[in-house]
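Open the model in your viewer and keep the selection tool ready. Each stop says what to pick and what to look for.

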Amino acid sequence: MFENKEQFKADFETRIIEKYGRSVQESHISEQFDILGTMVRDYASLNWKETKEKVVANQSKQMVYFSMEFLLGKMMYNNLQNLHLYDIAKEGLKDFNINIEDLMALESDAGLGNGGLGRLAACFMDSLTSLNYPAHGNSIRYQYGFFKQKIENNKQIEIPDNWLNYGNVWEIRKPKHAVNIKFYGHVVAHQLNEKRMVFTTENCEYVKAVPYDMPMIGYNGKTVTTLRLWSAEPAVENLPKHKDFEEYLRETTEISRSLYPDDSTQHGKILRLKQQYFFVSAGIYSCIKAHMRRYKNIHNIHEKYVFQLNDTHPALAIPEMMRILLDEYYLEWDESWNIVSNMMCYTNHTILSEALEKWPVEYIQSLLPRIYMIIEEINRRFIIYAKSHNVSDDKLKNMLIIKDGLVYMANLAIVGSYSVNGVARLHTKILMEEEMVDFHNLYPNKFNNKTNGITHRRWLCYANPELKAFLDKYLSKDFIEDPTILNELMNYVDDYNIQEEFLEVKNKRKEILADYIKNKTGIEVDTNSIFDVQVKRLHAYKRQLLNCLYIIYLYQQILAHPENDIYPQTFIFSAKAAPSYYFAKKVIQLINCMAKVINNDPRVNKKIKIIFLENYEVSLSEIVIPGSDISEQISLAGKEASGTGNMKFMMNGAITLGTLDGANVEISELVGTDNCFIFGLTSKEVKELKNSNTYNAFKTYMENKELKAVVDSLVNGTWHEKLDEFKAIYDELLFKNDEYLLLVDFNDYLRAHKDIEKCYQDRHLWAKKCLINIAKSAYFSSDRTIEEYVRDIWKIKKV
Amino acid sequence: MKQTILFEAYQDKKDTILIYYQGINNTFYVNKKPYKAKLIKKEEKYNTYEIELLLDFNTTYIIEDSNLRKATLKRRYIVKSKEFDDYYFYDKNDLGATYSKEKTTFKVWAPLATEGYVKYILDNKTYVEALNLSSDSGVFELTIYKDLEHALYHYLLKVNDEWVEVNDPYGYSCNANSAYSAIINQDLVNIDTSDNLLEEFKDITKAIICEANVRDFSSDNSLGKDVNNTFLAFTKENMKTKNQHPIGLDYLSFLGITHLQLMPILDFITVDENDKKRTYNWGYDPASYSCLEGSYSTNPNDPYVRIIEAKQMIRALHKRNIRVVLDLVFNHFYYSYENILNQITPYYFLQVDDKLVLSNGSFCGNDYDSNTKMGKKYLVDMAIRYVKDYHVDGYRMDLMGILDIDTIQTIYNECKAINPSFILYGEGWNMPTLLNEAKRATLLNANKLYPIAFFNDYFRETVKGKSFDRALKEKGYVNGNLDLAYQMVNVMKGSLDNYFKDARQSINYIECHDNATLHDKLEISNEDLDASTKNNIVLMSLCSVLFSLGVPFLHMGCEFHRTKKGNTNSYNLDDHINAIDWKLVDTYFENCLALKGFIRIRKKYNVFSLHSKEEIEKHFHYQILDNQIVKIFYKDLQDIDGIDELIMFINPTNNTSHYNFYQYFKFICSEHGPIRDEVYSSNIVINPYSFSMYIKEIERK
C-alpha cells in the first residue's frame, strides 16, 4: 500500500527486484508497467475482499451483467485516478526517470468489444462500482479482441489484435473456480428411483471454462467488484473418446480465441453459438455454486441474484438456468420457471430485423440437445399462455420462439424475462408500439425504457482534464461523484469570459488532436477549421456515406465556385467494418480515396480536409472526442437504438448534427433545438414514406442536379481510376432504392451544414451552445442510468 | 426236463396272432383249439409264425405248441387300434384313490391286466388286497373300509401275463422320489384362498408373463437359507438387497407382471429328492403327471407337504394379483418303457409305429400319444385337476406340437369353463413325430387352434437373432442387422402377415430358459460394443417385447443381465450357473425401474392389446426412416385410449437422427424407462441405440 510518494517508490523498487531480478534502472518498460499495474491491483485487493465480505454479511442481492462484449479500453489511468493514486505514482516514477505517460502508452486497449454495446457494458461496470452496488460482469476472455485495423491501399486490412502481448496485468487466473461446460452429446432419460427420473447429457464433449477475474475499481476505490472473463481450455480429465486430441484442442481453444469470428460459414456460426453458451453456462454455474455455498438453498436464488442480459447474446441463460434447476436440483417446471423468469432481465439494442439473432434449430439441437428440448417446452407453454390470453393465431405466429426451423432469441428473451428495456425513449417507444407491440400487449408490465449513459469519469474527467479543470473552477463542487452538478453550468453560459475560456480549452484539445493526426497520418490540419467528426462502427444505417456525399458536394461546389467563401472544415472519420461486410468496407475505401484526392488537391485542400484514423478504439476515442466541434449522429431515424457516442461528444462540448433518432431525441429536448442541428425525416415520416411505397431513389436523383453530380462522381473516375470501383455503392443508392434514404435527407443535411458553417463563425454564440450542451449532459451519465435500473428493475442495495 | 426255448405270442392286429418260436411248429393250439400257423420269417434264433384268427379283447388266449409248451398272448400293437381304443374307453371321472375317513375306493384303468392287487402300507404294516375288474372298460376297483389317511400304496397288476408294481397314475401325491403313491385326505390340503386379490382378467393380450424356475428363484440364498430350492421361497415378503431394493415375491410385485410361469413343478426324475443339491435339473424329465416335485417341498417324504406348500405359493402370488401358469411336460416320460402308464398298458400311451419303434420327435426317447381316447382323457383330467384343486390360471405346453389339436382344444375349453381367466399357450415347433402333420398342435396349424397362443420364434430371431450354439453370432434387427427392418415391423404388428390371423396367438419373447440368455448372446454377437451400448440393446429388446402387439413374455432376470456364463443349454448345470443372482438387482436397478415402467405403460394404453387383424389394420402404420430406423405409429386412438396418436422409434444404429413432428407430442418413454415429467417436443433427436415413444394428446378447443 502506498499513501505517499516514498512508500510508492519503496514498494515499486522492491517488487521490480522480486519479480524481475533487476534494479529499476535496468528494468524494461514493460516490466515497469507490469509492476505498476500489479501494485494498483493489489492496492484494490483489500477493498475487493471487503466488498465480498460485506456482500456476504449483508446477504446482499447481487446483479450479474452478462455481455458478450466489454469494451474496456485502457484501465491504468482510470484505475489510478479512481484510487487517487495518479499523482503519487507520477511523481514517484519521475524520481526514477520514468515517464508515467510512456508506461501508460504501453497498455493495450482491452478491445473485447465492437462498438456501443460493449462500451455500454464497460461504462455500466464503472458506474455500478462507483455507486457501490454489488454487481459483477460476466464475459469471455478473448485472446484476440476485435481485429486491429490497418488501411493499406485505401482499404481495410484486418490483423489479429494481440492485446495480451504483454499480458493483462489486471487479471487473476482462478483455476479453482473452473467449470466444465458440456457440448454435443445425447440426452438420455435415466430413472433415479421409483418416483423420479432425470435427463442427463451423455457422450458429450467437455470444455473447461477457467475464469480470469479483473477488479472493477469504483471512484474512491471503496467498492471493488469483479469482471469475470472465461477462457476455454481442454478438459484433460474428460477427453472425448472418439476425437483426436489435436483436433479437440484446436476446437476448444477456438472458443475464446477471438470476438466475432467470421460467421459467414457454418463453422463460424456454430463457433459463435458455442461462445454464447460457454460464458452463459460458466457464469450461471459460478453464481449457483457461490449461492449454494452461502445459503444451501436453491429455492431462493432469485432473491439473491438478478441477471441482466445485454442483447440476446446471453439469452441462452434462460434455458440454461432452467436446465440446472430441473436436471440438477430436481425442481418441478413451474417452480423453476418462476425462479428463472424472476431473475432474468433483457436489454434490447436494435430493431433492425437482420440484427435480431436467429439460430437454425439443427445448430442448437446438435450442439445443446437438452437446451433445445427446454426451449421447445418454453415455446409450447408460451403458446398456451398466449392463446389463453386471446392472442390471435396471426399475431402468435410472429411471436413464436421457434418458427420455420429457426429459434428467435429475442422472443425467447422477452418470454423468459421480467423486464425488457429499450435504450432510449424513442427506441423503447418503437419497441412497444411497433416492433414488439404484440408482446407489449401480452406483457404490459415488462417493457420499460432505460436511456443509455456513459461514465462521465472516463469520458470527461479523465479524457478531458483541461475541460474538467475549467469546470471545477465554476461549479460549486466536484461533479465527479455527482454529475448533476454540471447543471449549474447553465448559470454561466451567457458569461462572455467563460465562453472565451471555454474556447481556449476546446482549442487546446483541438491542437492535441491535430498533433495526433500529424503523428499518425502526416497530414496537417487547421485547428481553426470546424472539426467535424464521425467516429463509430461503419454501418449502412449510420450513413457515413451521407457524410461523404456532403463532402463531395462541398468539393464540387468549391471547384465550381471558387469565389464562394466556404468556411474550412476538417472531416474526421474513424470506423471499423465487420470483416465480411462488403458495403461497409467499400465505404471505408471511398473515404480514404476521397481523402487522398481532396487532401492533395491544392484547389480545395485549404478548405476541406478528410482524415481517416485507423483502428478506432476506446483510446482513440478519448483523444478525438474532446477535440471535436461537430458530432455527426446521422443515422436514418428509427434505426439507431440509442447511440452513446452522441453523449460523449455532448459532454465534451461538441454540438450534435443529427437526426431525431435514438438518444438524439433526448439530447435535443434537453438542450433545445437551438443548441443542436437537427435535420432529416423523423422516425414517423420514415415509416410513412416506406409504407407508402412511393419512394423512387432514381427519380430523386434525377430531379436534383447537384445531388446527381455528387452521386455520379462515384462512378466517373473522380475518386478512383477504375470507374466501377464504387459501383456497389452507386447501386445501393439507385438500383437498390436507397434503403436508408440518404437521397431524401440530403437536402436537409445540406441546410444543416450551412447553418453550422454560419453559426460556427460567431464564436461566442458557438461557445454558448457548447456550454449548454455540457451543462445538460449530466443526464447522460451512466450513473443516472444505473440508478434507474436499480430502482425499476434490479432492486439491489448499495454495499 | 424243461427246456427254455423262445416262444412268445403277440397280438398286433385284430385278426392275427404273431408267434415267435424257436423251432419249427406248424400247428399251434389257441385255447386248446388247433390252428394252422404260417411261417412268415426265419431268423437265426427263432421263426415267426402267423395264425389268422379273429380275436376279442376280453378273452385270455393261451397258445400251445405241439409239445404243450405254453405262451400267453400278449396284446401289443393292437392297443394302438381304433377298436381297442373305442372298446376300452372309460369316460367317468373317478379313477385313482378317493379317500374318506371311513373308506377309500381305488380305481385303476388297466385294460391289459388280468389280475390286480392294491398293496398299501399303513402305520408301517404292509397289506395286499385284491382288485376286482369292475367294468368292461378295463377298470379295476377296490374299496377298503379303513381310514387310510397316511397310507402309501402301489398297484400290482398282471399285465400281459407279467406282474408289474406301479404307482397310481391318478395318485394325488407320493413320497420322496415317488417311491410310493400316497392317499390324500383332501380336507387336509385345503388352503383358504379367499384372500386373493386377483383382478378381473379377460384378454391374453393384457397379460405380462414372466418365466421363473422354482429352484433358481431361491438357490442363491438371498431369500433365506430356509427356503432355498422351495415353493415357500415365493411366499417370503419384505426381502431386500443390500441397497434396499425388493427381491423375490416383492420384486415380482414391483415389476407389475400379471402371470408367473413356473418351469416344471410336476414330479420329475432327475433330482434326488432326498439329496436335492446332488444334481441340478430343470425338470423336463416327467416321472408322473399327477404328483408335484418333492425336491421343491421342505419335506419330500411327507406327501401332504408338497401339496400344501405349492398351494401356499400360489396363494401368495394370487394375493399380489399375480396369476400362475404351469409348464406342463405332457409330451414324453423320462423312462420310455418303465413309466407308470406304459407299464400298465404298454405302447398305448406312446406314439409307436407298426414296427414298434417309438416315435422320438421329442428327442427324449418317446412321444406321448394324445391321439388315443384314454391318452387324451388322462391329459385333460390332469389339466382340470390343477386348475380345480390348485387354482392355477394357465398352462404353457412344452413341445405342444407332439400333441394333437383336439386334445389341446379340449384342455383349453375345460379349463376355461372352470377359470374364466384361463390362458393356454405352448411351443408349436413341428417335431418329427408319427402323428399326422395336419393333426399336430404346431405353428403350422395355428389357425385351427385359435385362441391358443404359440411361442413366436420369428419374433425372437427378428429382434435379436438366434441364440443356439452355432448361430450366436447372428444378429437380429435390434442388435444391428438393419436388413431386418421390414421384418421388425411385422413382428411388432403381431406377426399377422406371417403366422397368425390374430395377435392373441403370438407369444413375443426374446429370452427364455432355453439357449443363451440375451446378455450372453450379446457378448458374442456384439462383442465390439461397450457395456453401456449392450445395455441399451437389452433395454430396447425389452421394449420390443412389451410394446409389440401380441402377448409379452419375459424371462426372469433378463433385465438385470442374467447370465449363464455362456452356456446355451444349462438344463443340468450347477446352481451357480442357473441361479438368479439377486445382487444384480442392485447393479442394474435402473433397468429394473425401466422394465417396471414399460409394463406400466403397456397396461395403461389399450392400443397394445389390439389383436384382431381388422382392428390392427385400422390403426397400425409404419415407416422406415433414414438409417433403417423403424417408426411405428398408431392413429385414431380417440376411442381406444383417449389420445390421437402414439408413435415409437426404434434406432438400433450408431447414428443420431432427427424427426420433426411439426406439432407438440408428449415424450412418454425411452429405452431407459418412462418419462415421468411432462415433456413435450416437436423437433426431436433420435439417439443412437435408442427406443422412444411419443403420444399426441387430443387438443381441447
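Predicted model: local features only at pLDDT ≥ 70, side-chain atom pairs only at ≥ 80, totals over all residues.

Residues are numbered from 1 along each chain as its sequence is written, and chains are lettered from A and ligands numbered from 1 in the order in which they are written.

**Stop 1: two domains**

Color chain A by domain: domain 1 is 59-74 + 109-452 + 787-794, and domain 2 is 465-780. These bounds come from an automatic or database domain assignment. The C-alpha centres of the two domains lie 35 Å apart. Their contact takes 36 residues from domain 1 of chain A and 34 residues from domain 2 of chain A. Two residues are in contact if their C-beta atoms, placed from the backbone, lie within 7 Å.

Now select β5(A), which gives 6 residues, the largest share of the domain 1 side that touches domain 2. Helices (H or I, at least four residues) and strands (E, at least two) are DSSP runs, numbered from the N terminus.

**Stop 2: the cores**

Select A:F278, A:A317 and A:L412. Within the largest nonpolar core, of 436 residues, these three touch the most other members. A nonpolar core is a set of buried Ala, Val, Leu, Ile, Met, Phe, Trp, Tyr and Cys residues joined through C-beta atoms within 7 Å. Buried means that 20 or more other C-beta atoms lie within 10 Å of a residue's own; exposed means 12 or fewer, partly exposed in between, with C-beta atoms placed from the backbone. Helix α21 (residues 544-560) of chain A supplies the largest share of this core, 10 residues.

Zoom in on A:F278. Its contacts include A:I140, A:W230 and A:I255.

**Stop 3**

Go to helix α4 (residues 86-95) of chain A. Which of its residues are buried? They are A:A89, A:G92 and A:L93. They sit on the same side of α4(A), because they cover an arc of only 95 degrees around the axis. The arc is that of the directions from the helix axis to the C-beta atoms. On the other side of α4(A), A:D87 and A:K94 are exposed. The buried residues pack against α1 (5-20), α2 (29-58), α3 (76-82) and α5 (100-106) of chain A. Just after α4(A), check A:N97, with a positive phi of about 65 degrees.

**Stop 4: chain B**

Select chain B: 16 helices and 33 strands. Its C-alpha trace spans about 100 × 55 × 45 Å along its principal axes. Buried residues make up 52% of its 701 residues.

Terms used:
Lists of a residue's contacts leave out its neighbours within four places in sequence.
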